[in-house]
Amino acid sequence: MIAAGSAEAALAFIEIGAVVLALAILSRFASRLGISAVPLYLLAGLALGDGGVAQLDVTEDFISLAAEIGVLLLLLALGLEYDQDELRHGLKTGTRPGLVDMLANALPGVAAGLLLGWSVLASILLGGVTWISSSGIVSKVLFDLDRLGNRETPSVLNVLVIEDLAMAVYLPIVAALVVGGSAEETTISVVVAVSAVVVILLLAMRYGDKLS
């Protein structure tokens with residue numbers, strides 16, 4: 001049993017190492033092309049997923065956990081480039097671009113869902129999909145293209161912050177509607193989510209330097 005377990009662990013390590021090596025090669029290739037490695041990573045995942053050209057035996061739980069850790073560290077690195085003064089200024093100046101972002105991206109998604117004959121709730125969900133950007137992917141692209149110090153980067157980050165704040169309200173409401181929750185349950189979920197976001201923002205803006 002011990003030998004069998006060791007053999008399985010060794011095989012898992014070999015597969016993980018092969019995946020990391022392949023991703024490193026793709027990253028170098030993307031760098032040579034002057035593009036982000038994100039689309040190449042996605043294609044690699046499709047090739048190794050269900051129905052792909054090869055199937056990995058590495059547990060999906062491990063891949064998911066490692067991915068979560070990677071996203072957390074990536075966002076942390078991005079946050080280190082974004083001080084409290086920039087955050088405060090971004091919240092003040094990012095409201096109007098955030099509204100334009102919502103109208104330009106959410107409304108077409110909702111309209112597409114209604115034109116496809118979907119229900120109102122499904123159309124609203126599609127609007128959320130077309131509206132919200134992935135902070136992890138955007139951060140990775142900014143990092144890969146060495147644009148963290150560019151003048152337009154704070155504006156991009158402002159939009160991401162506004163989107164994340166909007167999600168604090170959007171997701172609890174939609175989740176309650178999907179599961180058929182009552183108005184009281186929906187209100188409690190929204191209040192808890194918004195309160196948590198407000199507390200975090202106040203701590204970041206007023207005591208960010210001390211916390212750092």
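Predicted model: local features only at pLDDT ≥ 70, side-chain atom pairs only at ≥ 80, totals over all residues.
**Entry 1: α6 against α8**

I began with handedness and found that α6 passes α8 in a left-handed crossing (the near helix is turned anticlockwise from the far one by less than a right angle; clockwise would be right-handed). Helices here are DSSP runs of H or I with at least four residues, numbered from the N terminus.

Residues are numbered from 1 along each chain as its sequence is written, and side-chain values use heavy atoms, with hydrogens and water left out.

Next I looked up the geometry: α6 (residues 120-131) and α8 (residues 153-179) pack at about 155°, with axes 11 Å apart. Axes are lines fitted to C-alpha atoms over the stretch in contact, and angles run from 0 to 180 degrees between N-to-C directions. The pair is therefore roughly antiparallel (over 145 degrees; under 35 is roughly parallel, 65 to 115 roughly perpendicular and the rest oblique).

For contacts (heavy atoms within 4.5 Å), I listed L121, I124, L125, G128 and W131 in α6 meeting E163, A166, M167, Y170, V174, L177 and V178 in α8. I sorted these into ten nonpolar, one polar and one charged. In this scheme Ala, Val, Leu, Ile, Met, Phe, Trp, Tyr, Cys and Pro are nonpolar, Asp, Glu, Lys and Arg charged, and the others, Gly among them, polar.

**Entry 2: α5 against α8**

How do α5 and α8 pack? I read an angle of about 70° for α5 (residues 95-115) with α8, and axes 9 Å apart. These two are therefore roughly perpendicular, and their crossing is right-handed.

On the α5 side I noted T95, P97, G98 and D101, which meet V159, I162 and E163 in α8. That contact divides into three nonpolar, two polar and two charged residues.

**Entry 3: the largest pocket**

I then turned to the largest pocket, with a volume of about 1,200 Å³. On a 1 Å grid over the protein atoms alone, a pocket is an open set of points where a 1.4 Å probe fits, with protein on both sides within 12 Å along at least five of seven lines; lining residues have an atom within 4 Å of a point.

I found 32 lining residues, with V19, L23, Y41, I63 and A67 nearest the centre. α3 gives the most, nine residues.

How values were computed. Points joined across faces, edges and corners; volume = space filled by probe spheres on them.
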